[in-house]
Amino acid sequence: MADLSEIAGRLEGLHLFQDRTCGLQAVIAVHDTRRGPPRGGTRLRTYESLAEAADDASRLAQGMSYKFAVHGLPYGGGKGVILQDEAGAKDRGLLEERLRAYGRCLERLGGHFATGPDYGVTSREVDVIREVTTLAIGEHGSQAGPATAAGVRTCLEAGFRQLGLELTGRSVLVQGVGTVGGPLARQLTERGVRVLVSDPAPAGAALASELGLQLVSPDDVFTTPVDALAPCATGELFDSATIDGLQCRLVAGAANDQLVGAGRAADLLAARGVLYLPDFVVNGGAAVLLTARLESGSEPEVVLAERRIKATIQAVLARAERDSRTPYQAAVDLAEERLGAPGQ
Ligand code: PHE
């Protein structure tokens with residue numbers, strides 16, 4: 001595990017917050033603001049230590065810098081993390097108190113960082129943070145989940161096309177059926193995809209029985225034979241062990257920070273004959289929807305966000321082909337280029 005000084009060394013800013021009255025512990029990481037002020041979701045989950053939470057926030061903040069750059073948005077990368085514990089998980093009132101305390105922490109940063117939903121933080125939690133600050137976006141009714149799902153779906157389509165296949169009739173395993181994976185499973189089912197789902201929470205079995213989908217045990221997610229895998233829960237999924245066991249040809253999902261060891265994992269995936277579409281390109285739907293000014297007559301924002309993701313993934317695939325790089329490396333190159341030339 002990296003120590004705090006090493007983690008801070010990757011960042012422009014690392015902010016630790018504590019509220020002793022309600023037991024809030026939170027981390028806000030700011031990665032790169034050359035393109036604009038930092039934006040990024042806030043996640044709520046348990047961590048072994050504050051250092052582990054800071055490490056997570058820093059990697060996720062870097063992903064946000066890449067995400068905004070690659071999709072051409074004028075923002076920088078940031079991420080918030082609220083450490084969940086047993087008391088917070090059991091007591092909704094206490095959790096809401098912590099969310100409001102977190103909102104006051106955002107205020108203390110002077111309006112520099114604005115945040116929104118992420119793993120463990122839905123529009124319902126965003127609404128609580130908004131009771132004390134306007135620095136939270138993605139409130140109830142904002143369609144962030146469906147927009148991200150639509151972006152993932154369009155990337156799956158582009159990935160299959162790259163492999164000479166059509167989306168309809170393929171099998172896709174969706175890992176995690178929360179605010180993104182749930183709508184994704186529905187959208188794919190409507191398009192004639194054979195959808196499999198996996199989620200340790202009861203929502204997994206409920207969705208499987210509602211839509212008549214195959215439910216896969218969490219232990220089998222990385223070894224089940226399917227055409228594509230769409231991870232839509234937490235990250236740090238692909239290392240040499242999981243990559244070795246994969247029985248799919250395409251990976252494209254909404255989870256942030258999917259690769260363990262970044263470029264090396266991308267190379268291993270390519271060597272195994274798996275087309276890996278970079279997470280920070282695939283999952284940009286909410287970032288686009290929540291931060292871009294999407295105006296185009298009568299078209300729904302979700303459709304406009306999806307179109308932006310489609311254009312970016314096509315550009316990334318074209319660049320990968322041109323430079324004989326993996327799509328991951330091509331996307332990192334594009335993002336780094338734009339981080340160095342903020343006007344683009
Ligand atoms: N947390 C989501 C993401 O990683 C959505 C989000 C984007 C939230 C931008 C706030 C700001 O993309």
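Visitor: Let's start with H7: which of its residues are buried?
Guide: In helix H7, those are Gly181, Gly182, Leu184, Ala185, Gln187 and Leu188. Buried here means under 20% relative accessible area, with exposed over 50% and partly exposed in between, using a 1.4 Å probe and protein chains only. Helices (H or I, at least four residues) and strands (E, at least two) are DSSP runs, numbered from the N terminus.

Visitor: Before we go on, what kind of model is this?
Guide: It's a predicted model, where local features need pLDDT of at least 70, side-chain atom pairs count only at pLDDT 80 or more, and totals for chains, interfaces and linings use all residues. Residues are numbered from 1 along each chain as its sequence is written, and side-chain values use heavy atoms, leaving out hydrogens and water.

Visitor: Back to H7, then. What covers its buried residues?
Guide: The cover includes H6, E6, E7, H8 and strand E9 (228-231); contact means heavy atoms within 4.5 Å. After H7 comes Gly192, with a positive phi near 75 degrees.

Visitor: How do E6 and E7 run, parallel or antiparallel?
Guide: Parallel: strand E6 (residues 171-175) is joined to E7 by five bridges. Two strands pair if DSSP finds at least two bridges between them. One place to look is Val172, which sits opposite Val195 in E7. Together, E6, helix H7 (residues 181-190) and E7 form a right-handed β-α-β unit. Right-handed means that, with the strands pointing away from the viewer, the path from the first strand over the helix to the second runs clockwise.

Visitor: And what's on from E7?
Guide: E7 also pairs with strand E8 (residues 214-215), in the parallel sense over two bridges. Val197 has Leu215 as its bridge partner in E8. E7, helix H8 (residues 202-211) and E8 make another β-α-β unit, and it is right-handed.

Visitor: Why is E7 largely enclosed?
Guide: Because four of the five residues of strand E7 (residues 194-198) are buried, the rest of the structure largely encloses it.

Visitor: OK, E9 next. Which way do its residues point?
Guide: Ala228 and Ala230 point one way from E9, while Leu229 and Pro231 point the other way, and all are buried. E9 runs parallel to E6, joined by four bridges, with Val174 opposite Ala230. E9 also runs parallel to strand E10 (residues 250-251) over two bridges, where Leu229 faces Val251. The chain gets from E9 to E10 through helix H9 (residues 240-245), and that β-α-β crossover is right-handed.

Visitor: What about the core? How many residues are in the largest one?
Guide: The largest nonpolar core has 78 residues, and the ones with the most contacts inside it are Leu156, Val172, Leu188, Val197, Leu229, Phe238 and Leu277. A nonpolar core is a set of buried Ala, Val, Leu, Ile, Met, Phe, Trp, Tyr and Cys residues joined through side-chain atoms within 4.5 Å. Helix H6 (residues 144-162) gives this core its largest share, eight residues. There's also a second, separate core of 24 residues, including Ala26, Ala101, Phe113 and Leu135.

Visitor: What does Val172 touch?
Guide: Leaving out residues up to four places away in sequence, Val172 touches Leu156, Phe160, Leu188, Val193, Arg194, Val195, Leu196, Ala228 and Ala230.

Visitor: Switching topic: what's the strand order in the five-stranded sheet?
Guide: That open sheet goes E1-E2-E4-E3-E5, with mixed pairing. Strand E1 (13-19) and strand E5 (114-116) are the edges, each pairing on one side only. Strand E2 (residues 24-32) and strand E4 (residues 76-83) run antiparallel, joined by six bridges, and Val30 has Gly78 as its bridge partner in E4.

Visitor: And how does H2 pack with H14?
Guide: Helix H2 (residues 50-70) and helix H14 (residues 327-340) meet at an angle of about 85 degrees, with axes 8 Å apart. Axes are lines fitted to C-alpha atoms, for helices over the stretch in contact, and angles run from 0 to 180 degrees between N-to-C directions. That makes H2 roughly perpendicular to H14; the classes are roughly parallel under 35 degrees, roughly antiparallel over 145, roughly perpendicular from 65 to 115, and oblique for the rest.

Visitor: What angle do H13 and H14 make?
Guide: About 110 degrees, with the axes of H13 and H14 8 Å apart. H13 and H14 are therefore roughly perpendicular to each other too.
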